[in-house]
Amino acid sequence: MQTNSFQDKCRGSLIGGAVGDALGYAVEFSSLNDIRNKYGESGIADYELDRNGIAEFSDDTQMSLFTAEGLLSAVAAGKVHEKEILPFITTAYEHWYYTQSRPALKMSKSWLTNVKALWARRAPGMTCMSALQSISMPNSAPVVNNSKGCGGVMRVAPIGIFSAANPKLLDLEHAGYLAGYAADITHKHPLSTYSSMALAMIVADCIAHDNVDREMLRFIVMERVFKLQGLYFKEDRHLAELRTLVQKALDFAVSDRTDTDAIYILGEGWVAEETLAIAIFSVMRYIDDFEKCICCAVNHSGDSDSTGAVAGNIIGAILGYNAIPEKYKTNLELHDLLLSVADDLGGFSGPEQMKERYLNHKPFNVKPSELL
């Protein structure tokens with residue numbers, strides 16, 4: 001793969017996730033009928049802009065950025081094993097939690113907390129908030145829940161991007177482990193863990209391959225990701241449940257079922273396995289068309305921003321940043337910052353930026369107007 005193409009795919013995955021998130025955020029709690037009544041039979045296809053002309057993204061993209069910050073801060077500190085990286089990601093999630101629960105204040109170990117827009121409360125998930133509240137307490141109370149909500153899977157794509165760029169530091173297997181551990185910080189159900197593992201691995205493999213068509217996507221998902229997970233966890237019943245649902249999604253995508261009928265059967269996306277399945281269905285069905293894929297992923301009665309974000313992470317990893325229509329780049333909140341973080345993850349940023357951001361925790365290369 002040529003360098004430009006690789007960088008394009010790294011950027012495509014992170015920006016693609018933000019696009020799907022921002023498009024779906026406007027209709028997250030709307031029924032399909034309500035969406036069609038407002039936007040027409042085809043549903044939403046263009047951003048809902050705020051009063052400043054910005055397409056806002058949700059907590060999904062916020063937390064993805066903090067995942068990237070935690071991962072890259074760990075690597076800058078010389079930590080390369082997933083168990084060593086995990087405390088840095090946990091700390092980054094605590095910083096995100098503060099942005100959703102406290103007045104704006106720069107954190108000494110986080111350059112992202114210097115960014116004004118990231119202090120906006122964007123419908124944060126209750127499980128994430130309650131878990132991180134426990135973690136942030138002086139004695140750090142243990143997190144106890146059995147949640148498989150999609151709040152884990154929607155934030156781990158940066159781990160896949162980093163793995164694709166740095167396979168010797170974090171190979172496919174260990175990227176999966178790290179993503180599973182990262183989701184487990186807040187969501188303790190195995191289906192959250194397995195879905196998050198799968199997403200990071202799918203993103204990494206889609207970036208690593210030059211051309212991903214339907215046949216290759218099926219191979220990556222079923223013969224690479226689930227085969228590896230099967231070696232780790234044997235015939236775990238939750239893993240079998242996830243694999244069956246994803247297989248159904250892949251099969252539906254090449255059937256004559258309508259988009260909406262297929263997604264109705266797959267679920268609403270409020271839980272991790274449904275989010276992943278809807279995203280994979282949308283990518284498989286529209287593997288050559290970013291816009292159609294994203295519109296498919298968000299136009300349903302369910303968690304539209306999360307299904308859109310995960311679909312965007314995958315289709316962006318396949319088609320790249322240059323395949324994203326200009327209308328989705330224009331007005332996207334913090335577009336340039338997202339692009340810059342994608343380059344950090346992909347290894348395309350200079351040493352000064354990496355040092356300032358992830359060792360010194362300073363907001364290097366951020367517009368002054370975007371800072372606190």
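A: Two residues are in contact when they have heavy atoms within 4.5 Å of each other. Ser-110, not counting residues up to four places away in sequence, touches Phe-66, Glu-69, His-95 and His-361. Please keep in mind that this is a predicted model, in which local features need pLDDT of at least 70 and side-chain atom pairs count only at pLDDT 80 or more, while totals for chains, interfaces and linings use all residues. Residues are numbered from 1 along each chain as its sequence is written, and side-chain values use heavy atoms, with hydrogens and water left out.

Q: Where is Ser-110 found, and is Ser-110 buried or exposed?

A: A residue is called buried under 20% relative accessible area, exposed over 50%, and partly exposed in between, using a 1.4 Å probe and protein chains only. Helices are DSSP runs (H or I, at least four residues) numbered from the N terminus, and Ser-110 sits in the loop between helix H4 (82-101) and H5. With a relative accessible area of 0%, Ser-110 is buried.

Q: How many residues of H13 are buried?

A: Helix H13 (residues 290-298) is mostly covered, with seven of its nine residues buried, and among them are Phe-290, Cys-293 and Val-298. Helix H12 (residues 272-285) is also mostly covered, since 13 of its 14 residues are buried.

Q: Which residues have the most contacts inside the largest nonpolar core?

A: In soluble globular proteins, nonpolar side chains tend to be buried together. A nonpolar core is a set of buried Ala, Val, Leu, Ile, Met, Phe, Trp, Tyr and Cys residues joined through side-chain atoms within 4.5 Å. The largest one here has 124 residues, and those with the most contacts inside it are Ile-159 and Ile-314. Helix H8 (residues 190-208) supplies the largest share of this core, 12 residues. Leaving aside neighbours within four places in sequence, Ile-159 is in contact with residues including Thr-67, Leu-71, Ile-89 and Ala-200.

Q: What is the phi of Asn-331, and where does Asn-331 lie?

A: Most residues other than glycine have a negative phi. Asn-331, although it is not a glycine, has a positive phi of about 75°, and it lies in the loop between helix H15 (326-329) and helix H16 (335-346). Asn-331 is partly exposed, with a relative accessible area of 35%.

Q: What is the phi of Asn-365, and where is Asn-365 found?

A: Asn-365 is not a glycine either, yet it has a positive phi of about 65°, and it belongs to the segment after helix H17 (351-358). At 54% relative accessibility, Asn-365 counts as exposed.

Methods. Helices (H or I, at least four residues) and strands (E, at least two) are DSSP runs, numbered from the N terminus.
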